Amino acid sequence: MPRKASKTKLEIIEKNDNQVLDERKKDILLTIIKLYLETGEPVGSRTISKKFDNALSSATIRNEMSDLEELGYIVKPHTSAGRIPSDKGYRLYVNNLMKEKENEIKSLKTEMSARVDKLEDMMKTLVKSLAANTNYAAMIAGPTTNNSKIKYVQLSNLGDKKVLVVVVAEGNIVKTRIVDFDKIIDAKEILDLNETLNNLLSGERISDLDSENIISEISKLKKNKNEIKTLISEIANAFEEGNETDNIWTYGSNNFFKYKEFAESGNVSNLVETFEQKKDLAKLVEKANVESEETGLKVYIGEESSVNAMKDCSIVTANCDFGNGMRGTIGVVGPKRMDYEKVLKTIKTTMQNLNKELDN
């Protein structure tokens, strides 16, 4: 018989929590934790009663708080009449928070997977059309995330000095990262770090994670400066990682053989190889994004492109908008005597078709 998987510590804790805590106790406990996180002050029954719009009497709430204290979820500091969360209480709160975010992230990943499949099919169709309609080689670089804004960050304690970082950006882009610290990060610190990160990064562009404004805000923090710096650095790395050529689609490199200047130069095989390997194309796309004007159009003639294999070529590129702060690049590569007017017209049509597809 197959061996039954052993339950994790987290699953055992969740099961025990569900067995001993009814919904009212859970609601009161979560209210105490949220109020304490906001104020840093012990929470009394009267304050909780107001949060429940006086639907529960102070006496009822005191009885429930007494049970929660006995179960170890809250503690009474010194002689104060209020209560604060214990580590066990924080753990329950974090588990609930993780479950909510995990469900959100699963949903986002499913949606993104469908989008990626659709995007790949669309790019392959468009780049083929672009090459066929110009009789030159064509490329389309998919969306980059540098201009996307961060929606929220979620931290989860994995134990053994490890923290899972989940970042959701515009366009429902989800990035995850496991960060190693040189100390154990407890539940209270996780909540503090989570709140600080969201206050700092929510609404900020990914390209601005190292901006002077964010650096200045970090310098004002009273605690966890080093941890916050580490987390932001890891978040930036998460968006930078990945094969930069994976989102570049090419077609029509065989068209290079149609033009005698390429054949006569003896450079055609090197040109085809450069086009198919895409590494130099990725650098070209980055260069075009930096140098292009508001129109996003850029024409490189000969050595202007800085791609050695394309010194006998002209390259026309244009930026395209995928929405949610994400941009891509369309390009056509041909001889210097290319029909520039036709190429520009075809690129415009391709962008129009792309916009129609994205609107569907």
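# Packing, pairing and rings

Colleague: Which residues of α4 are buried?
Modeller: This is a predicted model, in which local features need pLDDT of at least 70, side-chain atom pairs count only at pLDDT 80 or more, and totals for chains, interfaces and linings use all residues. Residues are numbered from 1 along each chain as its sequence is written, and side-chain values use heavy atoms, leaving out hydrogens and water. Buried denotes under 20% relative accessible area, exposed over 50%, and partly exposed the range in between (1.4 Å probe, protein chains only). In α4, the buried residues are Ile-61, Glu-64, Met-65 and Leu-68.

Colleague: How wide is the arc that they cover around the axis of α4?
Modeller: The arc is that of the directions from the helix axis to the C-beta atoms. The four buried residues, Ile-61, Glu-64, Met-65 and Leu-68, lie on the same side of α4 because their arc is only 105°.

Colleague: Which residues on the other side of α4 are exposed?
Modeller: The buried residues of α4 pack against α2 (23-39), α3 (45-51) and β1 (74-75), contact meaning heavy atoms within 4.5 Å. On the other side of α4, the exposed residues are Asn-63 and Glu-70.

Colleague: How far apart are the end C-alpha atoms of α4?
Modeller: Helices (H or I, at least four residues) and strands (E, at least two) are DSSP runs, numbered from the N terminus. The expected span of a helix is 1.5 Å times one less than its number of residues. For the 14 residues of α4 (residues 58-71) this gives 20 Å, which agrees with the distance between the end C-alpha atoms, 20 Å.

Colleague: In the hairpin of β4 and β5, which residue takes a positive phi?
Modeller: Strands pair if DSSP finds at least two bridges between them, and β4 (residues 150-159) is mostly covered, with seven of its ten residues buried. β4 and β5 (residues 162-169) are antiparallel, joined by eight bridges. Two residues lie between these strands, and the one with a positive phi, near 55°, is Asp-160.

Colleague: Which residue of β6 is the bridge partner of Val-167?
Modeller: In β5, six of the eight residues are buried. β5 also pairs in the antiparallel sense with β6 (residues 173-180), over eight bridges. The partner of Val-167 in β6 is Lys-175.

Colleague: What is the angle between the ring planes of Phe-256 and Phe-262?
Modeller: Rings of Phe, Tyr and Trp (its six-membered ring) pair if their centres lie within 6.5 Å; planes under 30 degrees apart count as stacked, over 60 as edge-to-face and the rest as tilted. The structure holds four aromatic pairs. Phe-256 and Phe-262 have ring centres 5.6 Å apart, and the pair is edge-to-face because the planes meet at 85°.

Colleague: Which residues do ring pairs link into a cluster?
Modeller: Tyr-259 and Phe-262 are also edge-to-face, at 6.4 Å centre to centre and 80° between the planes. Phe-262 is buried at 2%, and Tyr-259 counts as buried at 13% relative accessibility. The cluster consists of Tyr-136, Phe-256, Tyr-259, Phe-262 and Phe-275.
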